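Good morning, colleagues. Please look at the sequence and the structure as I describe the overall fold and then one residue.

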Amino acid sequence: MNSLISQVIRSCHGYVYETAGVITGYFDDPHEARLCAQTIEARFHRIVDLCGCELAVTH
């Protein structure tokens, strides 16, 4: 599941960092971060924390 979430972040032009049960995505544009968060929530039924150009998904 983590690798699928990472693939979605990359497909939305984001950079992925994984640590201690959290997948973090960094984006150049907050709009791309928002769209990616919506995609992850819809596809994987996970809660995504979004702050500006950064999103976080916990396992």
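Contact here means heavy atoms within 4.5 Å. Among contacts in the protein chain between residues at least 6 apart in sequence, 42% join residues at least 24 apart.

As to the source, this is a predicted model, in which local features need pLDDT of at least 70, side-chain atom pairs count only at pLDDT 80 or more, and totals for chains, interfaces and linings use all residues. Residues are numbered from 1 along each chain as its sequence is written, and side-chain values use heavy atoms, with hydrogens and water left out.

The protein chain holds two helices and four strands; these are DSSP runs, numbered from the N terminus, with helices being H or I of at least four residues and strands E of at least two. Read from the N terminus, their order is α-β-β-α-β-β. The radius of gyration, taken over C-alpha atoms, is 10 Å, close to the 10 Å from the globule rule (2.2 Å times the number of residues to the power 0.38) for 59 residues, so the chain is as compact as a globular protein of that length. Along the principal axes, the C-alpha atoms fill a box of roughly 25 × 20 × 20 Å.

Of the 59 residues, 32% are buried, that is, under 20% relative accessible area with a 1.4 Å probe, protein chains only.

Where does Ser-6 lie? Ser-6 belongs to helix 1, residues 2–11. Ser-6 is buried, its relative accessible area being 2%. Beyond its neighbours within four places in sequence, Ser-6 contacts Val-16, Glu-18 and Ile-23.

Definitions and conventions. Buried < 20%, exposed > 50% of the residue type's maximum accessible area, 1.4 Å probe, protein only.
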